[in-house]
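Open the model in your viewer and keep the selection tool at hand. This tour goes stop by stop.

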Amino acid sequence: MRVTDLLAVFQKKSHLQKGACAISFTREGLTFVQVDRDEQKNPIVKTCDFIQTSFDPMDIMRSLSNLVRKNNCEGFRCHWVLQAKDYSLISIPNLPVSAEELPTALRWHIKDQIDFPITDAAIDYFKVPYLSKTQNEELIYVIVARKNYLEMFSKVIIETKLDLDVIEIPEFSMRNLAELFVEKGQGVGIIEVQVTGGAKLIIMRDGFVYLVRKIEVELHKTHSDEELHVFMTEIQRSCDYYENGLGQTPVSKFLLISPDVSLATQLTEGLGFPVEPMDIASKLNAPGLAPEKLQQCLYAIGGALRQDEVGNEATN
């Protein structure tokens with residue numbers, strides 16, 4: 001596996017084995033999750049840990065090595081889930097070039113939309129299915145990350161005796177979790193109120209991510225009527241675009257990730273469709289693990305749940 005090219009990492013398909021690990025690094029520490037599968041391939045969360053550590057690579061390597069040894073995970077497949085700060089996600093119309101020419105064309109197209117040289121960038125992309133039955137154009141989301149960052153922490157992971165198999169983005173991690181809450185064919189949205197400010201909205205169906213939006217509101221600080229009105233208006237506009245612009249049936253429900261679960265009731269009343277807290281503990285077999293710990297490790301759990309051919313993964 002070439003760790004110098006994000007495209008190569010995303011395109012490496014992981015075979016559904018018995019279990020996998022997933023990790024995520026933040027400025028506060030390290031999240032580590034181990035998921036096994038039973039005979040029916042249902043997930044079982046065996047380990048779910050958050051370890052406070054500095055962001056220094058050597059400190060992270062020591063902490064992660066201890067977790068790998070403690071849980072006997074040497075040689076396990078590992079999915080690394082990036083944080084929002086680690087990459088950019090840029091949406092553009094599909095470009096009129098061949099599949100072979102597309103990666104190069106994407107570099108030229110987005111080079112002025114990032115704050116570092118394109119030569120230092122690792123890129124990947126995924127496509128949204130046709131926008132509507134009458135429109136023959138696809139939308140592309142381009143994933144851009146700093147190549148040296150991916151190289152540095154990929155080496156850290158490999159040094160801990162894990163088999164780095166996939167570098168995942170949080171949008172796909174959340175997609176994997178959302179699949180636990182809806183039946184096949186149903187659209188589902190995720191609303192994440194972020195403690196750093198703003199909120200993220202993701203709409204998906206049958207493993208395909210259709211829409212990703214950042215909404216600039218400060219709901220982590222206040223639930224003022226004005227803030228809530230702006231927030232709900234933007235959610236409604238996104239739903240309208242998903243249904244009319246993308247030709248999809250209405251979203252069946254939204255799942256809320258927020259420290260304040262009462263926000264779900266306010267949004268349900270204001271929007272007129274179901275918004276419920278993402279209670280991951282109710283959907284997972286996680287013996288002995290506290291629900292609070294599972295919520296703390298959401299991204300890593302979603303990364304560990306990743307399976308083959310689950311939707312709009314990176315494309316050749």
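**Stop one: cysteines**

The structure holds zero disulfides, a disulfide being a pair of cysteine sulfur atoms within 2.5 Å. Select Cys21: it is in no disulfide, and the nearest cysteine sulfur, in Cys73, is 3.6 Å away. Cys21 counts as buried because its relative accessibility is 0%. Buried means under 20% relative accessible area, exposed over 50%, and partly exposed in between, with a 1.4 Å probe and protein chains only.

Next, select Cys48. Cys48 has 3% relative accessibility, so it counts as buried.

A word on the model: it is predicted, local features need pLDDT of at least 70, side-chain atom pairs count only at pLDDT 80 or more, and totals for chains, interfaces and linings use all residues. Residues are numbered from 1 along each chain as its sequence is written, and side-chain values use heavy atoms, leaving out hydrogens and water.

**Stop two: the hairpin**

Select strand S2 (residues 29–37) and strand S3 (residues 43–52). They run antiparallel, joined by nine bridges. Strands pair if DSSP finds at least two bridges between them. Strands (E, at least two residues) and helices (H or I, at least four) are DSSP runs, numbered from the N terminus. Find Gly29: its bridge partner in S3 is Gln52.

Now go to the loop between S2 and S3, where Lys41 is found. Five residues lie between the strands of this hairpin. Lys41 is not a glycine, yet its phi is positive, at about 70°. Most residues other than glycine have a negative phi.

Lys161 is another non-glycine with a positive phi, of about 80°. Look for Lys161 in the loop between H4 and strand S8 (163–168). Is Lys161 buried or exposed? At 57% relative accessibility, Lys161 counts as exposed.

**Stop three: the open sheet**

Select S5, S7 and S6. In that order, these three strands form an open sheet with antiparallel pairing. Strand S5 (87–93) and strand S6 (121–128) are the edge strands, each pairing on one side only. From one strand to the next, the twist averages 25°.

Seven bridges pair S5 with strand S7 (residues 139–146). Opposite Pro93 stands Leu139, in S7.

H3 lies across S5, S6 and S7, at about 105° to S6. Axes are lines fitted to C-alpha atoms, for helices over the stretch in contact, and angles run from 0 to 180 degrees between N-to-C directions. Contact means heavy atoms within 4.5 Å. Helix H4 (residues 147–159) also packs on the sheet, touching S6 and S7, and makes about 65° with the direction of S7.

**Stop four: inside**

Select helix H5 (residues 170–178). Nine of its nine residues are buried, so H5 is largely enclosed by the rest of the structure. Among them are Glu171, Arg175 and Asn176.

Which residues touch the most other members of the largest nonpolar core? Trp80, Phe254 and Leu267 do, in a core of 89 residues. A nonpolar core is a set of buried Ala, Val, Leu, Ile, Met, Phe, Trp, Tyr and Cys residues joined through side-chain atoms within 4.5 Å. Helix H6 (residues 225–245) gives the most to this core, with six residues.

Finish on Leu267. Leaving out residues up to four places away in sequence, Leu267 touches Ile191, Leu228, Phe231, Met232, Leu256, Gly272 and Val275.
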